[in-house]
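Look at the structure, then read on.

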Amino acid sequence: MVSVDKQAAPAAGRGLLSSWAQRHLNLCFVAGFLLVLLTYLVVSQQFAATSPVAVPTTTPHRKHQAIKSPGAGAGEAGSTQGGRGGAGKTEARPAHEQQQQAGPPKADGRARGVGLKRDDDGAAKPFDNGKVVCIASPFSYTCDVFGDVRTNGTAHTVTLVPVTSRPERREWSIQAYARFNMTGIPNVTVTQLDSTSAASPAPACTVTHRVPAIVLALGGHLGNYFHDFSDALVPLFVASRRYDGEVQLLASNIQPWWLGKYEAVVRRLTKYEVLDLDHDDQIRCFRHVTVGLNMHKEFNIVPELVPGGVPLSMLNFTAFLRETYSLPRAAPISLTNKKSSPPVDRKKKKPRLMLLDRGHYRKLVNVPEIVKAAEKAGFEVTIADPRFNVRVKELALSVNSFDVLLGVHGAGLTNSAFLPPGAVVIQVVPYGKLEPMAQREFGDPAANMGLRYLEYSISVEESTLLETLGPHHPAIKDPDSVHRSGWDKVAEYYLGKQNVRVDVERFAPTLALALDHLRRQ
């Protein structure tokens, strides 16, 4: 029989209770610690989702139909809809880590992404803090914005969000047109934020693009055939050609008729729909945005100024036009019996000359005489008067079939871009010391296209101004005084009130030079 001490029993019970309580207290402490840690992680995640640095993408499910280049496969406009993941959760990632679309896995198992933290080839590369590079040319002002760049079309803003804080906020306000200070074109504000604090929040992305963007403005002088090329097509070619179609165009002051007229060119410069910036209510995110078009010179390209390290020239531009419009001739007529050419009958084979007959000011008033003189020199002559509404491809094919383009200074000479290299451009320069302008707008471009440029400056006797104003008028006696009066007076008299009566005998040597050039091709 076991004897139990009645005083020891309560003490033992208290010891067991104390041991049990101590063990449960330890468990409660561990559980409490885990609960605090879990609470911290949840709160931290919620803070990350609302921090200005981490901008969730909540894009409505909408696709932008791409404008396809000839022969291109189907594709989207470089935009995807990010944001909400499975089970109704929002995946919050910094904007510079958001990927537009994950492609097939690479060999190492990683998704081949097009996110802003990687190069387009998927190679991992740290994302820098971004930068804005603005340059001024004699005609244009442009800004290149690299980094986490966000466009707000309706607000006409392009915003750079730095990865780290910037010491100061910077801002530029420019027109995206290729010439300074055009009326009727809104400015675009380029902003480099000083930080990501609540004082200067960045707009949240709604569409993230994998391709760069070019913001341009239409309108201005467009509608004039020369300015269509000089102010838009050539600068746009320079800005976009390096991307091989993988670039998004955002057009301010959009002109549907212009995009329709030059649709073939635009289709080959971008594979995507041209977006109407003024009515675009999306916040679009890019890695690189170019704001504005840079016009190097009138209707010309300076290879050293071409961005991207690819030196383009007007030869490249005209070759691009020949491909775009399927122009068959890349050389003028051969008037020699070269081994590489079949024998020709020189008496039957004549070079073709297109004579531009303007229907208004700066008209040629003795076209029949000029035609006879050109035929006498050995040319087959066709008179042309291209109208505004002519289809560009039809005009391009027609011009490409000629060997010589002849016309008075004016927009019609822009068609020299469709001539085959080695052909001839003859510019008749009106009276009034307009030679520098004529050389700049058509002479230098023609030479850079690989054409033979010839210039015929008329005498005062060949100008109808002598008849209408009389020999004592300042526009006749002293053209320098008219130039000193300003451009308006120059345009009024020498461009707007003057027609031309070519002295065919004086003009004959110019025609002979053109024929001699073709014989040596």
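Phe-299 is buried, at 0% relative accessibility. Buried means under 20% relative accessible area, exposed means over 50%, and partly exposed lies in between, with a 1.4 Å probe and protein chains only. Phe-299 is found in the loop between β11 and α5. Helices (H or I, at least four residues) and strands (E, at least two) are DSSP runs, numbered from the N terminus. Phe-299 also has a positive phi of about 50°, although it is not a glycine. Most residues other than glycine have a negative phi. Ser-326 has a positive phi too, of about 55°, and is not a glycine. Ser-326 lies in the loop between α5 and β12 (352-356).

This is a predicted model: local features need pLDDT of at least 70, side-chain atom pairs count only at pLDDT 80 or more, and totals for chains, interfaces and linings use all residues. Residues are numbered from 1 along each chain as its sequence is written, and side-chain values use heavy atoms, with hydrogens and water left out.

**Aromatic rings**

Which residue forms an edge-to-face pair with Phe-299? The partner is Phe-229: the ring centres are 6.2 Å apart and the planes stand at 80°, so the pair is edge-to-face. Rings of Phe, Tyr and Trp (its six-membered ring) pair if their centres lie within 6.5 Å; planes under 30 degrees apart count as stacked, over 60 as edge-to-face and the rest as tilted. Phe-229 lies in helix α2 and Phe-299 in the loop between β11 (283-291) and α5 (314-324), so the pair ties together parts that are 70 residues apart in sequence. Phe-229 is buried, with a relative accessible area of 1%.

Phe-229 has another ring partner, Phe-418. Their centres are 6.2 Å apart and their planes at 80°, so this pair is edge-to-face. Phe-418 sits in the loop between β14 (404-408) and β15 (424-429), while Phe-229 is in helix α2, so the pair ties together parts 189 residues apart in sequence. Both Phe-229 and Phe-418 are buried.

The count comes to 13 aromatic pairs. Ring pairs link a cluster of residues, among them Tyr-225, Phe-229, Trp-258, Phe-299, Tyr-325 and Phe-418.

Charges meet rings as well. The charged end of Arg-352 sits over the ring of Phe-402, 4.0 Å from its centre. Lys-131 lies over the face of Phe-146, at 5.5 Å from the ring centre. A charge sits over a ring if NZ of Lys or CZ of Arg is within 6 Å of the ring centre and within 35 degrees of the ring normal.

**The cores**

In soluble globular proteins, nonpolar side chains tend to be buried together. A nonpolar core is a set of buried Ala, Val, Leu, Ile, Met, Phe, Trp, Tyr and Cys residues joined through side-chain atoms within 4.5 Å. The largest nonpolar core here has 81 residues. Phe-229, Trp-258, Phe-299, Phe-317, Leu-321, Tyr-325 and Phe-418 touch the most other members. Helix α2 (residues 225-240) gives the largest share, 10 residues. The core draws at least three residues from each of domain 1 (131-312) and domain 2 (352-519); the domain bounds come from an automatic or database domain assignment. Another core, of 42 residues, lies apart from it and includes Leu-335, Ile-426, Leu-495 and Leu-511.

What does Trp-258 contact, leaving aside its neighbours within four places in sequence? The list is Leu-218, Leu-222, Asp-228, Ala-232, Leu-233 and Val-266. Contact means heavy atoms within 4.5 Å.

**Disulfides**

A disulfide is a covalent bond between the sulfur atoms of two cysteines. Here it is counted as a pair of cysteine sulfur atoms within 2.5 Å. The count comes to two.

| Disulfide | S to S | Torsion about S-S | Hand |
|---|---|---|---|
| Cys-134 to Cys-143 | 1.9 Å | about 105° | right-handed |
| Cys-205 to Cys-285 | 1.8 Å | about -85° | left-handed |

Cys-205 is in the loop between β6 (187-192) and β7 (207-209), and Cys-285 is in strand β11, 80 residues apart. Cys-134 is partly exposed, at 22% relative accessibility, whereas Cys-143 is buried at 0%. Cys-205 is buried at 1%, and Cys-285 is buried at 1%.

**The whole chain**

The protein has 13 helices and 16 strands. Buried residues make up 47% of its 521 residues.
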